[in-house]
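I opened my notebook to jot down what I looked up in this one. Here are my entries, in the order I made them.

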Amino acid sequence: MKSDDPSRAEQITASRSASDRLDGGYDTIVVASGIVSIGIAALYWVMRIGFEDSLIVVARPVGLALFISSFPFIANRGIWALGAEEQGVAPPWWGSYAFLWLLGLALTAVLGRLVPALGFSPLPFLTLVGVVSFLVIFARWITKAPLWRSSLVIVGSGVFSVWASGVVWGRIYKNPLFYENYILNGVIHHDSLPLAAIGNMLRTYHVATTGIDGLNHVPYHWGTPWLFAQWSNLTGTQVFDFYQLGFPVTMMSLFFGGTVAFAVAMRNRRKGPDAGQDLRHDFRFWFVFLAASIGIIPLSGLDGMGVWTSLLISESYTVAVPCGLLFLATVVAFYDGVSQRAGAGTGRARAVADSLFVLIGIPLGIVTLGYLKISLMVLGFALAMYALFRLRLYRRPLYLMAALLLVVLFYYTYGQVSLPAHREGISPFDFLWSFVRPAWWPFFLIVHLFWSWVYIAIRLRSEGVGTVADLKEAAAEQRILDVEAVALIAVLGIAPGFILHIDGGSAFYFSDVQRWLSVGLILSRVPIFFAVILGEAPPKRKRKPRGFLSRLDSVSLRQVLIVFFLLPVVGSMVSNGVAWPITMLRANAATRHALYPAAVAATIPSGLHGLPWLHDRTTLDEGLRRSPNFAVAEALRGLSALPASLRRHTALFIPQDQGAFWHSLTRPGACTFQPLLATALSSIAMIDGMPPYGCTLSRYYGFGSFTPRTRPQRAADAEPAVLCRRAAKAGMDRVLVLTFDGTRRATTTTVQCPPKS
Amino acid sequence: MPAEVIVERKPPARDHDRDDRATISVFATVAASVIAALYYAARWGFDNPARPVLATLGLSLFITVAPFIAWRLSVRGHYDEPQPWWRSQPALTIAALAITALAGMLVPATGLNVVGILAAIGYGSALAALVIWITQGSQRINVLFMIGSAAFAVWACGVAWSTRYKTPVFWETLEYHADVHHDPLYNVSMANTMRSYGVSSTGLDGVPYTPYHYGSAWLNSQWAYLAGTDVLAFYSLGPPVIVIPLFFAAVLLLAVEVRKGWRVVGAGSDPPLKKDYAAWLFFLAVTVGVIPTVGLDAMGIWNLHVLISESYVMGVPIFLLVIATSIAFWRRKRSSLRAEGLVFLLVFAPLMLAVTGFLKVSLMLLLLCAAFGLAALGRMLRDRLIALSAVLCVGTSFVTYKLVSVAAQNQGIVPFAYMRYSGVDTAWWPWFILAHLFWSWVYIYLRLREEKLAAIGAIRHAALEGRITDVLVVAIVAIAGWLPGEVIDIHGGSAIYFSDVQRWVALPLLMASGWRWVAQWSERRRETISPGSFRGGMRLSDLWLAAILIPISLTMILNGIRAPGTALRANIALRRGLYAEAGVKGPVALRSLADRRLLATGLHRSPDYSLIAALRELDETPPAIKRRTLLFIPQSYVRFWHIWTEPERCSYVPMIAPATSGLALLDGMPPVDCNLTNQYGLTRYRRRITPQLPVDVTPVALCAKAKAKGFSRVVVLDASVDSDVAVRAIECPVRISST
């Protein structure tokens, strides 16, 4: 990847103020990310009006989010102020915005991990830093461009936050009223339960397990549960609740901000005319961003091609993708630094840092991705290996050692994070069979990999590559490494779904990665993108025609065509944009409606129109208390309030005859997920908590790590001695037995086991 | 198209015009023959006389191929001389069609059936055209072309027969479980009442005139006379064998007429039609579809409707032939205006508007719009003769509209009605106009680009100068066709018959221009990139093109086999059902499904056989008796009135009787509890407000009712004690005879 026109680029770059060059568009990311976080939190608060709805609780993740998004900016400026810029031509990789964002994430995670040891949360301090930084950045930012441009970004970010909320909360996976929905009728999606359960087990016992029958290790990419557990420590919330609020507030901005930051990093490194340009300068940038995020054809068409815009329901993917992109941007920054310093003298400290980055940073970064999302690790590993051979880095011992270390770590991590049940063997075209109607198969590759095709086509065209010979030449000259990377990720990403059966359409998490990589790269070349698609705009006339007919005559066919195609595209974007938020609001209204007494509810219109009448706190509270799962939910949640030190050597037992618990999830086939609810809500591991005998067990979600029931539970199995024996196996000496009486009132009996002899 | 191209001229050395027309004839011959053969094959094992099939095929060839021979003979030796419009092939094709209709009218009037002569001319012409054609060009290309035409015919008749509207075993399907759509029954009931009583009516309670574009019903009934079969059977035979080849031949003929004008621009470089791959690619893409059928349906692009609506499939070729004839007229008018000009403007134009109106009212309105749009833009109305013609056209169209327009179809102003009620998902609305009119946009864009018109002003000037008349025609038909469905709620999604017309106007123009664009594109490529070695020089644009063409080609293949597959499966399902009725248990091999005895046994044991057979037998009644007879089926005869179990179909049940028996009903409105539709001409009758009483069914009461409607005989079809169905005739004044 080389600069398009280095001499001119340098002139332009030099003409900008040093401060502006440093901001380079990142300030807009901080502002937009902050507004998105605030917007999502505000919507959460609004959607919980009438229920328990503390502003403080909502504000905590906002503070964390503001810190995370502004940290790289202030750290970057700090490094610049300390003179790092002057040490060399290029900023060091560790001073890059991308790396600093990752560092910010890691820092908050570490602080969260320290909370139990310290006994207090540094969140107030982080919030203070985050809020002040955000306000300072915002104040500087707003003065640097016309007000209407800033206003558009602010309003756009606010609207975008509504869309993003709709995507996360528009389905039964996550929801501001997730807990209430469980209480009401048990109709909640099971995916959040094992994740919250693992998060809780990591938090309580420091073991990656769902904890449904002791603490058997469950191989899974448990990076996000761990991360959210630490952030739960910081924000003082339950992991179960953090998934509903903390995740959207902190991670939506990371996902989209990370993608944009990747684009800005890729743009600025070229030092082209647009390097360091304010992101408000060219709204085509945001148009492409929105088009890729929201979709330019209706959702039904996208879904029909297995392009799911609701991917944000997967928190592991939502965290892993921006981390992957930011990590890639860090590696590219490192590569640029090394390339520019080649032949020149390098300081010893920097040489050590560079070597450590190659030897430890890159392998560790890739395997960390594996803990976040296994697909990202696999693709990252493949990309690293490709780079090793493509750039002939294997000739250098340092890189060769790093590669060997990577292979070993990859092998080890794969075993740690890959669920054996997911390895279901070869199943040709499995993803197509499952999610794409056969009639549309011929178009699948075009549509599913659309943005990759677009990027590849545009880049090749902008490089003047017209023939296969040109292509070979460009590749030989390493002018199109970015294109090679996109092609590699696209091909390798699409392959698993074509070859293997991966449960629940998870092959998508391989095949979709190319979208964000290519979108990031397209965003880094927006002017070229439009120049290639639309051609050069005709020169503007000096004199504007007067009169309607003359003006009409002067409208070019090109303009007509642009409008003609833009209308349906924008129409679809608007339609897609409102679809999820409306679904989310309808679901919210439906829950409230169901909690109201039938006689009152009958007088209130259903759907969105009823919302203004459905926020009476007393009525909703009474509705919850009347609901079938109220006692179960409150009892389990009450257990999570026990001191961590107590929970750590305590197990939970709920006898199988307790129908109030074992039948509280009501979706078809939900019996298998029932025990996950206990560990997700109580933060205590169960013993003898496998689903009832006769229940069809899921093969996934770590159930394979536990022994299935071979007979119904007997009275003898609930004897204290038996329970203690089971608890002892898991390293615990205390058992809480949870039962419910006829009126569904919960009773907790403590069995204190005798000390080991 | 540029003004200077619309001139007749001496054919250059490499003129393919005559060869192209022979190609069209061969295409039509192959298509008609394949469809006829498939019809015959689909009826293996059933009552399957060859004569109607051969006669229909002969008629088809007479209409599509004989005009080519006539044209060829007429221009022989003086091809380079200006040709009058009435000697153009499109005009001759219209004339051939008219001759067959007149010959059909002769049959009941004189008893003389000249189908033998017409068929002989048709077969002879087809043979002559084949001989002429096969001697031209590469034999490999010729064979490939014939195979391609045959495959296309399989798709086309597959579409027509893949629904419950038409099938080669329509009678048998009706007799088995009556699982047929009511639309053909409606059309055939009108055709039958025209045959029996000389009135266009559905004949549900006497024969009051029913406004409808019944031209195709009338035409089919005339062809049925010639083919020697009943109209209901002919509806599944005639339109596929005669009209489908005519439909596509008209498309090709218009393409050739347009190409004839374009040659001045691309002199000498155009390939013959049969080797014009760009043209055929457009042909297949537009007809079969480049995206899956579900996607086309989702955008309201209904390929099925094109070929199952006999009025549309009949009307469009006439529409296109009229445009092609107009091009021929205009070419000559530029040089001189003679007597035939008067005939064209004052007779042909108004008459054809009326004809298209009787065939499909939408086509008449669009033709009128296009003509007026062009006349207004070209300031032609200043010419007194043209102004007079315009007045005549408007007058004729107005009268025709009054006669054929069904008021109930106009369900009032409803914005975006077609999008809302025709299965177009709301989310796809923004894309609708782009996708629905796709081929028109493609043509308009490519032509404007070709003319290097980069601004609205330039386009306006070009339009006024007559340089883009073709673009204007496409645009007018597209926009004028799209608007009705978006403004008015036209019942049953019939707005498609407005909005789909643009596709068939754009197609011939795309076919005519495809080679030119390909040549220009190749030229540009040669200028921009110098070719290298085979591998190294392979252009990426070719790879991109291949990446797009591969899924499109696969989709076209899948779209192409889907409809014939459905038709085949339905045929097999019926046979298996009849085998089961005949007592055959277990699965039966495909090869064994044509056992005549078993099929006949199964048919006789079928639930609705005796009823339908009795009705069909009534169609044998001599015409003179039919003319004064009405059929009465008492409401107590549940087997008839509940032949369809779905309550929402009760409105259409009585149409079965006139469609199968050729007799109009007396007191045949649906039961009092039926939720009556206001479509299908039912508003022409008085709806039943009280249940039918015993006093209503006495011979005296029936005769009184019949007499009031001008009839003197009533046939009563009812349940009997000893058999399924009993038929008795009542001569008025009352005299009863039983059968």
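**Entry: a threonine in chain B**

I started with B:T469 and found it in helix α22 of chain B, which covers residues 469–487. This is a predicted model, so everything I note here belongs to a prediction. Is B:T469 buried or exposed? I found 20 C-beta neighbours inside 10 Å of B:T469, so it counts as buried. The cut-off for buried is 20 or more, so the count for B:T469 meets it. Then I looked up how far B:T469 is from B:L578: their C-alpha atoms are separated by 57 Å. Along the chain, the two residues are 109 residues apart.

I wrote myself a reminder first: most residues other than glycine have a negative phi, and most peptide bonds are trans. With that in mind I went looking for exceptions.

B:F416 was one of them, with phi near 55°, a positive value in a residue that isn't glycine. I located B:F416 in the loop that runs between β1 (410–413) and α18 (417–421) of chain B. B:F416 has 15 other C-beta atoms within 10 Å, so I put it down as partly exposed.

Over in chain A I checked A:S683, where phi is near 65°, again positive without the residue being glycine. A:S683 also sits in a loop, this time between α34 (674–682) and β2 of chain A. Is A:S683 buried or exposed? With 30 C-beta neighbours inside 10 Å, A:S683 goes down as buried.

Which peptide bond did I note as cis? The one from B:C732 to B:P733, with omega near 0°. I traced B:P733 to the loop between β6 (726–731) and β7 (735–738) of chain B.

**Entry: the sheet in chain A**

Next I followed β2 of chain A into its sheet. The sheet is open and has four strands in the order β2-β1-β3-β4, with mixed pairing.

I zoomed in on β1 (residues 650–653) of chain A and β2(A): they run parallel and are joined by two bridges. I also noted that A:A651 stands opposite A:A685 in β2(A).

**Entry: two helices packing in chain A**

Two packed helices are described by the angle between their axes and the distance between the axes. I looked up both values for α5 (residues 97–118) and α10 (residues 223–235) of chain A: the angle is about 60° and the axes are 7 Å apart. The crossing of α5(A) past α10(A) is left-handed. From α5(A), the contact uses A:T108, A:A109, A:L111, A:G112, A:R113, A:V115 and A:P116. From α10(A), it uses A:L227, A:Q230, A:W231, A:N233 and A:L234. I sorted the residues of this contact into seven nonpolar, four polar and one charged.

**Entry: where the chains meet**

How many residues does each chain put into the contact? I got 29 residues from chain B and 28 residues from chain A. On the chain B side, α12 (293–298), α19 (429–436), α21 (456–464) and α25 (540–581) each bring at least two residues. α25(B) gives the most to that side, with six residues. The residues on the chain B side split into 19 nonpolar, six polar and four charged.

**Entry: each chain as a whole**

I finished with the overall figures. Chain A has 35 helices and four strands, and chain B has 31 helices and seven strands.

For chain A with its 757 residues, a compact globule would have a radius of gyration near 27 Å, and chain A has 27 Å, so the two agree. I did the check again for chain B: with 739 residues the globule value is near 27 Å, and chain B has 27 Å, which agrees. The C-alpha atoms of chain A fill a box of roughly 90 × 70 × 55 Å along the principal axes, while the C-alpha trace of chain B spans about 90 × 65 × 55 Å.

I also looked up burial: 49% of the residues of chain A count as buried, and in chain B it is 50%.

Key: Residues numbered from 1 in each chain as written. Chains lettered and ligands numbered in written order. Predicted model: local features only at pLDDT ≥ 70, side-chain atom pairs only at ≥ 80, totals over all residues. Axes fitted to C-alpha atoms, helices over the stretch in contact; angles between N-to-C directions. Left-handed = near helix turned anticlockwise from the far one by under 90°. Contact = placed C-beta atoms within 7 Å. Nonpolar A, V, L, I, M, F, W, Y, C, P; charged D, E, K, R; others polar. Pairing = 2+ DSSP bridges. Rg over C-alpha atoms; globule rule 2.2 N^0.38 Å. Buried ≥ 20, exposed ≤ 12 C-beta atoms within 10 Å, placed from the backbone.
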